[in-house]
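Keep the structure open and follow the points in order.

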Amino acid sequence: MNNKEIPYKIYLEEKEMPASWYNVRADMKNKPAPLLNPATLQPMTAGDLEAVFCAELVRQELDDSTPYIEIPREILDFYKMYRPSPLVRAYCLEKKLDTPAKIYYKFEGNNTSGSHKLNSAIAQAYYAKQQGLKGVTTETGAGQWGTALSMACSYFDLDCKVFMVKVSYEQKPFRREVMRTYGASVTPSPSETTQVGRQILAEHPGTSGSLGCAISEAVEAATGTEGYRYVLGSVLNQVLLHQSVIGLEAKAALDKYGIVPDMIIGCAGGGSNLGGLISPFMGEKLRGERDYRIIAVEPASCPSFTRGRFAYDYCDTGRVCPLSKMYTLGSGFIPSANHAGGLRYHGMSSTLSQLYADGLMEARSVEQTAVFAAAEQFARVEGILPAPESAHAIRVAIDEAMKCKETGEEKTIVFGLTGTGYFDMVAYEKYNNGEMSDYIPTDAELEAGFAGLPKVEK
């Protein structure tokens, strides 16, 4: 490390903000498997995908060879409202833990949506506007993506229809109202407004919903409405591409002061935050330039990486979306109505799944009460109330820092603080009242999900 004094918060200057997104697939020896057409089980073509997604986003989705893709000026101008975001040294947490570890977090909650989701929302809204569309449809779990997309659509005068997982719709009314404030319509999913929603309700009366359900409804609404396309806040390659600004900024800030992390930790639901945070570090690892421990953290209630299967599966419960080869619990798996929010998707990004299958990253599952214990510990010393999703990464960062205390090793830990938890007070209330449970699916429940995996030749 050089002799520069390292500030508490490392801010990059505007000129240091990334001008291009980084496509980690360009450096992957084993590329993610192609999306398959649900009707023919053949690889999806650009033409197939353009019936659902914007044309430019399809190009980005299928591009696995271009390492850097220039960010359009209008998107960069929007980014400047809240980027670059700070990389913060958690001095107070280090002191509280009495650990020799150095802990840094990349904070993505410094915008009205309260999360990293705005990085991709503004890009997808921009391309929809450029294509001359009237509006877009989407799903949202915890509500962060729906909030971000409603903001982005308002900016470009696009209509925005959001299908919100029913359990989150009920637990987070204020998040819902922020979306409506920005002009979006918000429907609890599954709903009676779509054919697939009615079918799911008939098969699972009283269900609390899932991201897979909400995706099916959003896709049906988009494909059945002229001038609309579907957009997604996680899982897809295009989303990980847009979110690479997180990792690019984090690495630039670390490089500025000669800091080399030993491990990078991120929460994992569908993969947007984790993929964005680790992308440039993983690129170095893939090119053989440097090695890092990269840890994905997921809820024990929805353990795609740690207990799922690496197989082709439908991306949605209604089975109308393409099939993706990913770590999955089965498209019919509906997680318990816990407070993991945006980490309740049944599968994982195909890019991250391939990296995990190749042994280039680790995965860990954590229980809900342990996550909230870490969230409150962090909030009390660092002054930010973290989103439940982010707190999964905090949990493992604290665990790793305590291991350093036991061994005396002075390791450098970087984790992603994906957003704030000020709309998650029902969850914090249940934790503080001792009403929160640690539901973990049984092997039998997981087997029921695996039984519905499509039969696809390897």
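1. A word on terms before the sheets: two strands pair if DSSP finds at least two bridges between them. Helices (H or I, at least four residues) and strands (E, at least two) are DSSP runs, numbered from the N terminus. With that in hand, look at β10 (residues 263-267) and β11 (residues 293-299): they run parallel and are joined by five bridges. Ile-265 has Ile-295 in β11 as its bridge partner.

2. Some ground rules. This is a predicted model, where local features need pLDDT of at least 70 and side-chain atom pairs count only at pLDDT 80 or more, while totals for chains, interfaces and linings use all residues. Residues are numbered from 1 along each chain as its sequence is written, and side-chain values use heavy atoms, with hydrogens and water left out.

3. Seven strands make an open sheet with mixed pairing, in the order β1-β4-β5-β15-β10-β11-β14. At its edges sit β1 (9-10) and β14 (362-366), each pairing on one side only.

4. There is also an open sheet of four strands, ordered β8-β7-β6-β9, and its pairing is parallel. From one strand to the next, the twist averages 20° (axes are lines fitted to C-alpha atoms, for helices over the stretch in contact, and angles run from 0 to 180 degrees between N-to-C directions). Three bridges join β6 (residues 135-140) to β9, and Gly-135 has Tyr-228 as its partner there.

5. Which strands does helix α8 touch? Helix α8 (residues 173-181) packs on the sheet against β6, β7 and β8, at about 170° to the direction of β7. Contact here means heavy atoms within 4.5 Å. Helix α6 lies across β6 and β7 (159-165), at about 165° to β6.

6. On to the rings. The whole structure holds 19 aromatic pairs. Rings of Phe, Tyr and Trp (its six-membered ring) pair if their centres lie within 6.5 Å; planes under 30 degrees apart count as stacked, over 60 as edge-to-face and the rest as tilted. Tyr-22 and Tyr-68 form a tilted pair, 5.3 Å centre to centre with 40° between the planes. Tyr-22 is in β2 (residues 20-22) and Tyr-68 in β3 (residues 68-70), 46 residues apart. Tyr-22 is buried at 3% relative accessibility, whereas Tyr-68 is partly exposed at 48% (buried means under 20% relative accessible area, exposed over 50%, partly exposed in between, with a 1.4 Å probe and protein chains only).

7. Phe-78 and Tyr-155 pair edge-to-face, at 4.8 Å between centres and 75° between planes. Phe-78 lies in α3 (residues 73-79) and Tyr-155 in α6 (residues 144-155), so the pair ties together parts that are 77 residues apart in sequence. Both belong to a cluster linked by ring pairs, along with Tyr-79, Tyr-82, Tyr-126, Tyr-127 and Phe-156.

8. Finally, a loop residue. Is Thr-418 buried or exposed? Thr-418 sits in the loop between β15 (412-417) and α17 (425-432), and is buried at 1% relative accessibility. Its side chain makes a polar contact with that of Ser-390 at 2.4 Å (a pair of N or O atoms within 3.5 Å; within protein, one must be able to donate a hydrogen and the other to accept it, and residues adjacent in sequence count only if both atoms are side-chain atoms).
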